[in-house]
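Welcome! Please take a look at the sequence and the 3D structure below, and then we can walk through a few parts together.

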Amino acid sequence: MEERKWLGVAKKLQAIAQAGLEYSKDKYDLERFEEIRKVSIDIMESYTDMEREKIKHLFAGETGYQTPKIDIRAAVFHENKILMVKEKLDNRWSLPGGWADIDLSLKENLIKEAMEEAGARIIPERILAVYDRNRNTNILFPHSVYKIFVQCKYLESSFVENIETEETGFFSADRLPELSETRNTESQIKMCFEYKDNPFHEPYFD
């Protein structure tokens with residue numbers, strides 16, 4: 001709880017600093033906001049496993065008013081099983097997806113990610129849920145993230161190993177593989193199963 005509390009403080013300080021650096025004109029105010037950003041990095045370094053340079057890169061790369069990042073996940077069903085990919089970074093499994101690319105719609109992002117990671121042709125159909133990442137996992141992360149889960153129709157697939165994923169497969173709700181919990185949790189996967197056959201389901205959001 002202490003780590004989560006201080007992570008929240010660091011994120012708030014970073015948001016204040018980022019907005020100040022974007023909108024302030026006075027050079028002395030800009031210096032003060034840079035100092036606030038450094039304090040936020042100090043706190044983040046103390047309470048996460050991330051290296052300082054990586055934290056600086058993440059924060060320094062942000063400009064303008066800070067908003068949550070968008071992580072998209074395609075819940076692709078076929079014969080009552082869900083499509084998953086094995087991530088090379090941690091050798092665990094997740095729904096196809098990742099950070100949303102700019103200049104692409106939600107549907108276009110999902111179609112791209114499913115093809116790149118799983119070699120799957122899909123049709124995105126409906127939003128199942130929008131989660132606040134840091135409210136649904138104990139794994140701390142420096143940014144606020146909205147995770148969008150979208151039910152998708154499966155057409156066909158032809159998997160080719162790539163730089164992100166090394167394997168793909170369909171899994172039933174009661175036989176899920178070891179999950180990459182920074183990307184999706186067991187409760188989120190089972191939520192997708194629960195909602196997929198309910199045509200009257202209204203999207204869940206935190």
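## An aromatic cluster

Which residues form one aromatic cluster? They are Tyr131, Phe149 and Tyr204. Rings of Phe, Tyr and Trp (its six-membered ring) count as a pair if their centres lie within 6.5 Å, with planes under 30 degrees apart called stacked, over 60 edge-to-face and the rest tilted.

Before going further, please note that this is a predicted model, in which local features need pLDDT of at least 70 and side-chain atom pairs count only at pLDDT 80 or more, while totals for chains, interfaces and linings use all residues. Residues are numbered from 1 along each chain as its sequence is written, and side-chain values use heavy atoms, leaving out hydrogens and water.

## Aromatic pairs

There are 5 aromatic pairs in the structure. The ring centres of Phe77 and Phe193 are 5.2 Å apart and the planes stand at 80°, so this pair is edge-to-face. Phe77 belongs to strand 1 (residues 69-78) and Phe193 to helix 5 (residues 186-196), so the pair ties together parts 116 residues apart in sequence. Helices (H or I, at least four residues) and strands (E, at least two) are DSSP runs, numbered from the N terminus. Phe77 and Phe193 are both buried; buried means under 20% relative accessible area, exposed over 50%, and partly exposed in between (1.4 Å probe, protein chains only).

Tyr131 and Phe149 also make an edge-to-face pair, at 5.6 Å centre to centre and 85° between the planes. Tyr131 is in strand 5 (residues 120-132) and Phe149 in strand 6 (residues 145-157), so parts 18 residues apart in sequence are tied together.

## Helix 2

Helix 2 covers residues 27-47. Its buried residues are Phe33, Arg37, Ser40, Ile41, Ile43 and Met44. Viewed down the helix axis, the buried residues of helix 2 fall within an arc of 165° (taken from the directions from the axis to the C-beta atoms), so they line one face. Lys27, Arg32 and Ser46 are exposed on the other side of helix 2.

## Salt bridges

The structure has 15 salt bridges, each being a side-chain nitrogen of Lys or Arg within 4 Å of a carboxyl oxygen of Asp or Glu. One of them joins Lys147 and Asp71 at 2.3 Å, N to O. Lys147 lies in strand 6 and Asp71 in strand 1, so the bridge ties together parts 76 residues apart in sequence. Both Lys147 and Asp71 are buried.

Elsewhere, a network of salt bridges links Asp101, Lys112, Glu113 and Glu116.

How values were computed: Expected span 1.5 Å × (residues − 1).
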